[in-house]
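Dear colleague,

Please find below the structure that I am handing over to you. My findings follow it, and I would be grateful if you read them with the structure open.

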Amino acid sequence: MRSLKNILVTGGAGFIGANFVRFVLEKTDFKGRIINLDKLTYAGNLENLSDIEEKTAGKNYFFEKGDICDSEKIKTLFEKYDIDTVIHFAAESHVDRSIHGPKEFIETNIMGTFTLLETARTYWKDKKEVLFHHVSTDEVYGSLGETGFFYETTPYDPRSPYSASKASSDHLVNAYHHTYGLPVTMSNCSNNYGPYQFPEKLIPVMILNILNEKNLPVYGDGKNIRDWLFVEDHNSAVWEIVKKGKTGETYNIGGENEWENIKLVHTLCEKMEKRMKKESGYYKKLITYVKDRPGHDRRYAINCDKLKKELGWNQSVDFNQGLDLTIEWYLSHNEWIQNIQSGEYRNWIEKNYQER
Ligand code: NAD
Ligand code: TYD
């Protein structure tokens, strides 16, 4: 069992990163410090952690605004906080955006990961008990046909600029381990959902469009399949890996919960019809098939036996319960939604968090 002291979490103001910070500080016995480094792009939102900031800032939680591509900033943080663990979530994360403009994906996902690895390698030269954990995606493995699963040994076959940039960062992490002996672990996870997810990904897009009675855009024939996992289950897996995972190893994390997009959208409509007391079929009428995403991966499905057998991890939230929780969260966080959608949030950030 590793003893972690000063953890640099990158991208801790984003969806999974913010849930991770919350999980570690509220649900584990971790006694060290978390330093959250985030550039606060459109997807980074300090409101995701405002209660944590209020309760624990300056004690065991510290926020630092900055870019993972900025080597001077990273070096300063390693020295200032004597970082012994990096848990690297920061990334450009949305496939559609990567299709419209891949440059930022190359910069942040590849150059940013490289910059973190270089700093870790230099700063940790004579240190023991250090770890670089890289958070990645199952999308690096490509697209499955009707059967089969992604294993840790599945050859990489990324097909979007997003997955290609993540694959590239995964290779760099492995290369730093093999070439320089940097202690690393890595995880490749399936699609996450839950509170604080930016409303550009399927589930929050659908929930918010249903609420506003807007069209529900389903790409292509709606039969693409994703394997959904509640965000806290992803984070409990990452925590198990950084505590107990074998150095140099990759672990797949998944929901073992495959859904065709259209079936999932139907389920969300039905749940919302019940919740909002509408007649059956009321929201389903909003479903609109739209032009397919170019290069749209057909099916993802993870085999996560290694994680289950070696580290004893398991999913704890079933999909029905997780979707209900997520719907209730969006229904009760109207201000969060308004702020994100109005741009006021950005102005607030500019005023309150200049580069420190
Ligand atoms: P997100 O887009 O919600 O959050 C990304 C965070 O990174 C934001 O806070 C953003 O401000 C920050 N960031 C972006 N560029 C940065 C930079 N250059 N420097 C510092 N911070 C920067 O993403 P997410 O969905 O929370 O994903 C987190 C990680 O998990 C990513 O590495 C992603 O590839 C991986 N992942 C996501 C999923 C999923 O379903 N969302 C599934 C598997 C793996
Ligand atoms: P998304 O949430 O963008 O995740 P990813 O592309 O990383 O898997 O999309 C999940 C699936 O839903 C994917 O097959 C694309 C599809 N999709 C839609 O049909 N409509 C939408 O509005 C969105 C955002 C996604």
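A residue counts as near a molecule if one of its heavy atoms lies within 4 Å of that molecule. By this rule, 18 residues surround ligand 2, and the closest are E139, P217, R226, R293 and H296. Please bear in mind throughout that this is a predicted model.

Ligand 2

In the side chain of E139, a polar atom lies 2.6 Å from an oxygen atom of ligand 2. The backbone also takes part: a polar backbone atom of L202 is 2.8 Å from an oxygen atom of ligand 2, and a polar backbone atom of P217 is 2.8 Å from a nitrogen atom of this ligand.

Ligand 1

Around ligand 1 there are 29 residues, of which I16, D38, S93, Y162 and K166 come nearest. The side chain of S93 has an N or O atom 2.7 Å from an oxygen atom of ligand 1. For K166, the corresponding distance from a side-chain N or O atom to an oxygen atom of ligand 1 is 2.6 Å. With T108 the ligand atom is a nitrogen, which lies 3.0 Å from a polar side-chain atom of T108.

The second largest pocket

Which helices each supply at least two residues of the lining of the second largest pocket? They are α1 (15–27), α8 (231–244) and α11 (319–331). Helix α1 gives the most, with five residues. The space in this pocket is about 190 Å³. Its lining consists of N19, R22, F23, E26, K27, P195, F230, V231, E232, L325 and W329. By type, six of the lining residues are nonpolar, one is polar and four are charged.

Cysteines

How many disulfides does the structure hold? The number is zero. As an example, C304 is in no disulfide, and the nearest cysteine sulfur, that of C189, is 8.8 Å away.

Two loop residues with positive phi

E129 is not a glycine, yet it has a positive phi of about 55 degrees. This residue is found in the loop between α5 (103–123) and β5 (131–137). Is E129 buried or exposed? Its relative accessible area is 62%, so E129 is exposed.

E256 is likewise not a glycine and has a positive phi, of about 50 degrees. The loop that holds E256 runs between β10 (250–253) and β11 (258–260). E256 has a relative accessible area of 43% and is therefore partly exposed.

A residue in strand β5

S136 is found in strand β5. It counts as buried because its relative accessibility is 5%, and the limit for a buried residue is under 20%. In sequence, S136 and A167 are 31 residues apart, while in space their C-alpha atoms are 8.2 Å apart.

Yours sincerely,
A colleague

How values were computed: Residues numbered from 1 in each chain as written. Chains lettered and ligands numbered in written order. Predicted model: local features only at pLDDT ≥ 70, side-chain atom pairs only at ≥ 80, totals over all residues. Heavy atoms only, no water. 1 Å grid on protein atoms, 1.4 Å probe; cavity = no way out; pocket = protein on both sides within 12 Å on 5 of 7 lines; lining within 4 Å. Points joined across faces, edges and corners; volume = space filled by probe spheres on them. Helix = DSSP H or I, 4+ residues; strand = E, 2+ residues; numbered from the N terminus. Nonpolar A, V, L, I, M, F, W, Y, C, P; charged D, E, K, R; others polar. Disulfide = S-S within 2.5 Å. Polar contact = N/O pair within 3.5 Å; in protein donor to acceptor, adjacent residues only side chain to side chain. Buried < 20%, exposed > 50% of the residue type's maximum accessible area, 1.4 Å probe, protein only.
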